[in-house]
Amino acid sequence: MDKNGILDNKVPAGSLADKWENHKFSMKLVNPNNKRKFDVIVVGTGLAGASAAATLGELGYRVKAFTFHDSPRRAHSIAAQGGINAAKNYPNDGDSVHRLFYDTVKGGDYRSREANVHRLAEVSVNIIDQATAQGVPFARDYGGLLDNRSFGGAQVSRTFYARGQTGQQLLIGAYSALMRQVAAGSVELHTRSEMLDVVKKDGRACGIVVRDLISGEVTPHSAHAVVLATGGYGNVYFLSTNAMMCNVTAAWRAHKQGAFFANPCYTQIHPTCIPTSDDFQSKLTLMSESLRNDGRIWVPTAFDDARAAADIPEDERDYYLERKYPAFGNLVPRDVASRNAKTVCDEGRGVGPLKNGVFLDFGAAIARDGHAAIAAKYGNLFDMYQRITGENPYEQPMRIYPAIHYTMGGLWVDYHLMTTVPGLYSIGEANFSDHGANRLGASALMQGLADGYFVLPYTIGDDLADLLGSPAVPTDDPVFTAAVAGVEDEANRWLSINGTRSVDHFHRELGRIVWDRIGMARNKAGLEKALTEIPALKEEFHRDVRVLGSADTLNQSLEKAGRVADFFELAELMARDALEREESCGGHFREEHQTPEGEAQRDDENFAHVAAWEWHGGDTPQTRHREELTFDNVALSQRSYK
Amino acid sequence: MSGSNGTTINVTLKVWRQAGPDAPGGFEVHQQAISTDASFLEMLDQLNEQLNDDGNEPVAFESDCREGICGTCGVMINGRAHGPQKATATCQLHMREFRDGDEITIEPFRAAGFPVVRDLAVDRSPLDAIIESGGYISVNAGAASDANLTPVPKAAADTAFDAAACIGCGACVAACPNSAAQLFTSAKIGHLGLLPQGQAERWSRTEAMVETMEEFFGSCTNHGECSEACPKEISLDFIAFMNRDYLKAKVKNRSLAGQR
Ligand code: SF4
Ligand code: FES
C-alpha cells in the first residue's frame with residue numbers, strides 16, 4: 001500500500017497476454033530438495049483447497065490440510081450443477097483465451113482486475129486436461145470426444161459438464177488427488193478440525209489455531225505459509241443455496257488479523273430457486289438456470305389473484321420478461337431476471353400460498369416438443385422440484401424465486417493471491433478476485449481449480465524462496481499460546497451466556513435484515529436502517545443466546561455460535577460497503593442509480609475501483625482502501641438487454 | 001404455520017441419544033407437530049429448537065448440502081438407511097411421506113465400521129481410508145495431455161459416471177446385515193476401471209482397495225440391501241465387476257511382481 005492508501009496489486013508489467021508466462025519465468029523458485037523444508041497449511045478442502053493441497057504435496061512441500069467436515073469430499077463445491085468453462089474451442093465456434101477473458105471482465109461489470117482474469121482464462125484449458133486425466137467423467141459425444149454446451153448467455157459453447165453434477169465430479173477428482181498425497185505422506189489431513197484463528201509473528205502469518213469438533217481440543221499449527229480456501233459467505237442471509245455449514249469464519253478471523261476484506265457488497269442472486277414454504281425452512285434449493293431455455297416466466301396481471309395457474313386465461317397473464325426485454329426474453333442475465341421477480345412480488349402479484357414466487361411454465365414447451373422431450377432434458381430437475389414441493393411441474397407451472405447463491409467479495413489478494421498479511425493466501429470463493437461485481441455461470445469451478453492447481457503452487461514459491469533456512473515458528477511460542485487461550489475463552493464465553501434463544505433464532509433474524517436491506521436491491525435509507533438494526537440484534541445475541549452442553553464434545557450449537565457472531569460483523573461491513581458504493585454494478589443494485597429503463601447504472605469515473613476494508617478492532621469502524629482498476633484491453637460499455 | 005401449502009401432522013419420534021462413542025445409548029420419545037412441507041431434517045431442526053428452548057441439549061445429527069449430493073447426512077429411519085423413499089438421501093426426504101399419528105424411530109447408521117460419535121452422528125472415516133489406498137489416478141497437476149487425445153467411448157463414459165455418482169454416504173454399509181462396504185468400494189473401482197485413463201493402475205488399485213476395505217468392513221453375502229438403500233441407485237453390477245477384477249488382479253499383480 002502506498003502512502004495514499006492505494007493498494008499495490010503487484011501485477012507484473014508487460015502486455016496482457018504475456019504477463020503470466022513471463023512472470024512465471026521471473027519468479028524465484030524453490031529447488032525440489034528444498035521444498036520439503038517448507039510447511040504449508042491449507043484450510044478448506046473444496047475445489048480450491050483440495051487442488052492446492054494436492055498440488056503442493058506433489059511438488060514436495062510438507063502440507064497440512066484442514067477441513068471441518070468429516071471428509072474432504074463434502075465441501076460445498078460438490079453441489080455445483082452446471083459446468084466449468086474453458087477456452088478449449090473444441091467446437092470451433094470462435095472461442096479463445098481472449099474471448100473468455102473479455103466475457104468474464106464484461107460479465108463482471110468491469111469491476112475485476114484484467115491481469116487476473118486473463119490468467120484465469122489462460123489456465124482454464126489446463127484444468128480440463130487435468131480433470132480428464134484424473135478420471136472426471138465429463139459428458140462425451142458419440143465419437144467419444146468431450147461435449148460442450150453454451151451456458152449463462154455465452155455466445156460460444158465452452159462449458160464442459162458432467163450431467164448436472166459437474167461440481168461433484170470435479171471435487172471427487174481433486175479429493176482423490178488429495179488422498180493420493182495423503183497416502184504418499186506429503187499431506188497430513190486433519191478432518192473435523194475448524195480453524196478459529198490466524199497466528200502472526202512480526203507481522204507475518206505463521207500458523208493457525210484449530211478446534212477439534214469432536215474432542216473440543218484446541219491446538220496450534222505452525223507453517224511458513226497459510227492458505228485459506230474456505231469458501232463464500234452467502235449464509236449471512238441465513239437462507240441461501242449454500243450448504244448449511246458454509247460460513248465466513250476463517251476469512252473473517254483473518255480479516256481481524258489484518259487481511260483486508262474486499263467488496264463485501266458484491267453478492268450474487270440466482271433467479272431459479274424454489275421459494276420458501278414455511279418459517280422453519282432451513283435452506284433454499286437452486287435449480288439449474290438451463291430451465292429458462294424452455295420455461296416461460298409469468299405472473300397474473302391482476303393483484304392478489306388466487307386462482308390456480310390453469311384457471312388464469314392467457315390474456316390475464318403477464319409474461320413480464322418477454323414484455324420488457326423482447327430481445328432476450330426469459331434469458332436475460334441472472335440479476336435482471338431476479339430483480340424483475342422481486343418487483344412483481346413486491347407489487348402483490350406473486351404466486352403460491354405465500355405469494356412469494358413467479359411461475360416458470362413449461363406448458364408451451366411440452367405442447368411444442370412433447371412430454372418425453374422435456375423429460376429427457378429436465379427430468380432430474382422436475383423430479384427434484386416435485387420431491388421438495390409435492391407439485392408436479394409437468395401438470396402445473398413451477399414456482400421460482402431468487403436466492404443468494406454466490407459471493408464475489410472476499411479477502412483482498414494481490415496477483416500472487418496473497419492477502420495484505422504476508423504469508424497468508426486466499427484462493428477460490430474466499431478471495432475477491434476474478435469475478436468483479438458479478439460472476440458468470442460455470443466460472444466458479446474454473447476459478448477454484450485455476451487457483452489451486454495452476455496459480456498458487458507457482459506464486460507461493462516466490463515468497464517462500466526468501467525464507468529458506470528459517471524454521472517455522474515453534475508452536476510453544478507465546479503468539480501461539482495466546483491465540484489458543486483466546487479460542488478456548490471464546491468457547492467458554494458462549495457456554496456461559498445462558499440466555500433464552502437459540503443460535504439459529506438469531507441467525508434467522510439476522511438473515512431477514514440482510515435480505516431485506518442488502519439483498520437484490522439496496523437504497524440509502526434501507527442500508528442506514530441496517531446499520532442500526534444489525535448492531536442492536538448483535539448486542540442481543542451476545543447477551544441472550546443460549547448454547548447448552550459443553551466444549552469437550554461434539555457440540556453443534558457451540559460451533560454455530562462463533563460462525564453467527566462473525567456473520568453479524570460481516571453484515572455490518574456489507575451494509576457500509578453497499579452504502580459507500582454510490583453506483584449500481586453487477587450484483588450490487590442501488591435503487592438510486594438506475595437508467596430510465598431500470599437497468600444498473602455504473603459510475604466508472606468514481607467507482608472503477610476495488611474497496612478493501614481494514615479492521616481496527618471491534619470498537620473502531622474499518623477504513624476503506626482502494627485498488628484502482630484500469631482497463632487497457634476492453635472498452636467499458638453499458639449493458640443492455642432490450 | 002401461516003400460508004403454508006401443507007397440512008400439519010403429529011408424529012411420535014423415538015430418537016437415539018448417546019453422549020459419546022463409549023457412553024451407553026437409548027431412545028428418547030418426543031411428540032412433534034410438523035408441516036408436511038417440511039423436510040425430515042427440518043423436522044429435526046424444529047425438535048432441536050424446542051429442546052434448546054426447554055433447556056435440553058439438541059440432538060446431534062449431520063447434514064450439509066441438504067440436496068442429496070454431499071453425503072454428509074444419513075440416519076436409520078424405521079430401520080431403513082435414509083428412510084422409506086427410494087433413491088432419496090435423508091436430507092431429501094419430506095414429511096409428506098408420513099401420516100398423522102405415525103411413530104418414527106430414528107437411529108444412527110449402525111455398522112461395526114462406523115462408531116457412533118454422538119447421538120445420530122457416526123464416524124465414516126474408513127471410507128476415506130479405502131480411497132486413500134488407491135481410489136485415484138496418479139497424475140500430477142500439469143502432467144496431463146490434451147483432454148481430447150484419448151477418446152472415451154460414450155457408453156464407457158456413461159457407465160463410469162453411473163458409478164462415480166456415489167456420494168460416500170455409507171448407507172450401503174448401514175443397510176448391509178454384514179456391514180460390508182462392497183457397493184461403495186466397487187463404485188470407485190468401477191468408475192476408474194472403466195475409463196482408459198484408469199487402466200495403468202487398474203490391478204494394483206483393485207487389490208489395494210479391496211484389501212483395505214476388508215480391514216474395516218464385513219464380507220458380502222449378496223443380500224443386495226446396499227443397492228436398495230443407495231440414494232444414487234448404484235448398481236450391484238459394480239460389485240460383480242470388482243470381484244472379477246480382484247481375482248484377475250491377484251494373478252496379474254503376482255506375475256508383474258515376478259518380472260521385477
Ligand atoms: S454406494 Fe450408494 S449408499 Fe454406498 S456410499 Fe455410495 S451413494 Fe452411499
Ligand atoms: S446433506 Fe448432503 S447429501 Fe444429505
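Predicted model: local features only at pLDDT ≥ 70, side-chain atom pairs only at ≥ 80, totals over all residues.
Student: What pLDDT does chain B average?

Tutor: pLDDT is the predictor's confidence in each residue, from 0 to 100. Chain B averages 95, and 96% of its residues score at least 70. The model scores ipTM 0.97 and pTM 0.97.

Student: How is chain B divided into domains?

Tutor: Domain bounds come from an automatic or database domain assignment. Here domain 1 covers 8-118 and domain 2 covers 124-259. Their centres, taken over C-alpha atoms, lie 30 Å apart. Contact means heavy atoms within 4.5 Å. By that rule, 20 residues of domain 1 of chain B meet 20 residues of domain 2 of chain B.

Student: How many helices and strands does chain B have?

Tutor: Helices (H or I, at least four residues) and strands (E, at least two) are DSSP runs, numbered from the N terminus. Chain B has eight helices and seven strands.

Student: Is helix α5 of chain B buried or exposed?

Tutor: Buried means under 20% relative accessible area, exposed over 50%, partly exposed in between (1.4 Å probe, protein chains only). In α5(B), 12 of the 12 residues are buried, so the helix is largely enclosed by the rest of the structure. Among them are B:K188 and B:H191. For length, the expected span is 1.5 Å times one less than the number of residues. Helix α5 (residues 182-193) of chain B reaches 15 Å from first C-alpha to last, close to the 16 Å expected.

Student: Which residues lie around ligand 1?

Tutor: A residue is near a molecule or strand if one of its heavy atoms lies within 4 Å of it. The shell includes B:C166, B:C169, B:C172 and B:C230, plus B:L183 and B:F184. Helices α4 (171-175) and α5 of chain B each supply at least two shell residues. Ala, Val, Leu, Ile, Met, Phe, Trp, Tyr, Cys and Pro count as nonpolar, Asp, Glu, Lys and Arg as charged, and the others, Gly among them, as polar. The count is 10 nonpolar, two polar and no charged residues.

Student: Where is A:K342 found?

Tutor: A:K342 is in helix α9 (residues 334-346) of chain A. A:K342 is partly exposed, with a relative accessible area of 22%.

Notes:
Residues numbered from 1 in each chain as written. Chains lettered and ligands numbered in written order. Heavy atoms only, no water.
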